[in-house]
Amino acid sequence: MTKGHFSPFRQALLLIGFVATATVGIAESPAGAQSRKQRDDARTCANFGTEFGTPAYSDCMLGQQQRRDTKQRDTLEKMALTSQIAKDGQIMAERARRQRCDRNPDRRECRR
């Protein structure tokens, strides 16, 4: 005779499977994100009063894409600059530590 409920192990597996399935369903694919951006751009251009298929609409869509590309490029440049500043700070801190150790090798930080 079989029981009408699942074992705790099977319940845990079912829960994990459900959560994984829900996560995959909720997660947006890159293609989906791109189409969402295009829909948003189309809505923006329509709000500007341009009609689909007109040169003004095409110019508006290109402008929206250029705006997004510029924003992404600026973000990447800022990230690169921040990373370089952090790297330079680490180099300067290590250089200062070495200079302190050269002056006084008995310092606690010099006993590595």
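The link of C101 and C110 is left-handed, with -100 degrees about the S-S bond. The model is a predicted one, and in it the sulfur atoms of C101 and C110 lie 1.8 Å apart, forming a disulfide. C101 has a relative accessible area of 12%. Because buried means under 20% relative accessible area, C101 counts as buried.

This bond is one of 2 disulfides that the structure holds. The other joins C45 and C60, with 2.0 Å between the sulfur atoms. The C45 and C60 link is also left-handed, at -95 degrees about the S-S bond. When the bonded cysteines of the protein chain are numbered in sequence order, the pairing reads 1-2, 3-4.

The helices named here belong to a simple list of elements. The protein chain has 3 helices and 0 strands, and from the N terminus on the order is α-α-α.

Another residue to look at in helix α3 is R68. Is R68 buried or exposed? Its relative accessibility is 18%, so R68 counts as buried, given that the cut-off for buried is under 20%. Which residues is R68 in contact with, once its neighbours within four places in sequence are left aside? They are K37 and D41.

The remaining values describe the protein chain as a whole. Of its 112 residues, 9% are buried. How much of the contact set joins residues at least 24 apart? Among contacts between residues at least 6 apart in sequence, the share is 17%.

Technical notes:
Residues numbered from 1 in each chain as written. Predicted model: local features only at pLDDT ≥ 70, side-chain atom pairs only at ≥ 80, totals over all residues. Heavy atoms only, no water. Helix = DSSP H or I, 4+ residues; strand = E, 2+ residues; numbered from the N terminus. Buried < 20%, exposed > 50% of the residue type's maximum accessible area, 1.4 Å probe, protein only. Contact = heavy atoms within 4.5 Å. Disulfide = S-S within 2.5 Å.
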